[in-house]
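Please look through the sequence and the three-dimensional view shown here before reading the report that follows.

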Amino acid sequence: MTDQERTEDLAQLLARLKSEYDVNDSEISRRIGVSPATVNAWVHRRRGGGRGVKRESLQALAREFPKFTEDEIFAAAGRETPGPLPQDAESRILELWRGLTAEQQRAKEIEMRALGESNRTGR
């Protein structure tokens, strides 16, 4: 990770992105499927510096503006990049899930939600 990736926040990354692609908040919002007000909040640091930004929105930024990597975007948002999902992982996970009791499934769902929340908040 470069010094820029370590110290740059989401608002700064978006400023670079807008300059690099010659786009405005509205164009970014249209391309990633969020409201212009949402992008404006990110630009003006009204959403916790990026920690509260949905994973899907950060991934959409990387997909729509490929000069910026997913790792770079997530780092600017103060978040860890989600791990990859290999093709067969979903079917393996579902098979394991089906072998759990209803109580075990509830416990695992709670655990997974807590892990996901810790990724969003950085705690």
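How many aromatic pairs does the count come to? The count comes to 2 aromatic pairs, where rings of Phe, Tyr and Trp (its six-membered ring) pair if their centres lie within 6.5 Å, and planes under 30 degrees apart count as stacked, over 60 as edge-to-face and the rest as tilted. Because tyrosine 21 lies in helix H2 and phenylalanine 65 in the loop between H5 and H6, the pair ties together parts that are 44 residues apart in sequence; helices here are DSSP runs (H or I, at least four residues), numbered from the N terminus. Tyrosine 21 also forms a tilted aromatic pair with phenylalanine 68, with 6.3 Å from centre to centre and 40° between the planes. Phenylalanine 68 lies in the loop between H5 and H6 while tyrosine 21 lies in helix H2, so this pair ties together parts that are 47 residues apart in sequence. Through these ring pairs, Tyr21, Phe65 and Phe68 are linked into a cluster.

Phenylalanine 65 counts as buried because its relative accessibility is 0%, and phenylalanine 68 counts as buried at 3%, where buried means under 20% relative accessible area, exposed over 50%, and partly exposed in between (1.4 Å probe, protein chains only). Lysine 67 lies over the face of tyrosine 21, at 5.2 Å from the ring centre; a charge sits over a ring if NZ of Lys or CZ of Arg is within 6 Å of the ring centre and within 35 degrees of the ring normal.

Residues are numbered from 1 along each chain as its sequence is written, and side-chain values use heavy atoms, with hydrogens and water left out. The mean pLDDT (the predictor's confidence in each residue, from 0 to 100) of the protein chain is 87, and 88% of its residues reach 70 or more. Over residues 1-5, however, pLDDT stays under 50, and the model has 5 contacts beyond four places in sequence for them, a contact being heavy atoms within 4.5 Å. Where pLDDT is low, the predicted coordinates should not be read in detail.

**The nonpolar core**

A nonpolar core is a set of buried Ala, Val, Leu, Ile, Met, Phe, Trp, Tyr and Cys residues joined through side-chain atoms within 4.5 Å, and the largest one here has 22 residues, with Ile28, Ile32, Trp42, Leu58 and Leu61 having the most contacts inside it. At least two residues of this core come from each of helix H2 (10-21), helix H3 (25-32), helix H4 (36-43), helix H5 (55-64) and helix H6 (70-76). Leaving aside residues up to four places away in sequence, isoleucine 28 touches Leu14, Leu17, Lys18, Val23, Val39, Leu61 and Phe65.

In H4, the buried residues are Thr38, Val39, Ala41, Trp42 and Val43, and what covers them includes H2, H3 and H5. Just after H4, arginine 45 takes a positive phi of about 55°. Serine 57 lies in helix H5 and is buried, because its relative accessible area is 8%. Not counting residues up to four places away in sequence, serine 57 touches Ile32, Val34 and Trp42.

**Salt bridges**

Side chains of opposite charge can pair when their charged atoms come close. A search of the whole structure finds 11 salt bridges, each a side-chain nitrogen of Lys or Arg within 4 Å of a carboxyl oxygen of Asp or Glu. The table gives some of them.

| Salt bridge | N to O distance |
|---|---|
| Arginine 31 and glutamate 64 | 3.4 Å |
| Arginine 55 and glutamate 56 | 2.9 Å |
| Aspartate 88 and arginine 92 | 3.2 Å |

The side chains of arginine 31 and glutamate 64 meet in a salt bridge, and this pair links distant parts of the chain, with arginine 31 in helix H3 and glutamate 64 in helix H5, 33 residues apart. Arginine 31 counts as partly exposed at 25% relative accessibility, and glutamate 64 is partly exposed with a relative accessible area of 26%.

Terms used: Predicted model: local features only at pLDDT ≥ 70, side-chain atom pairs only at ≥ 80, totals over all residues.
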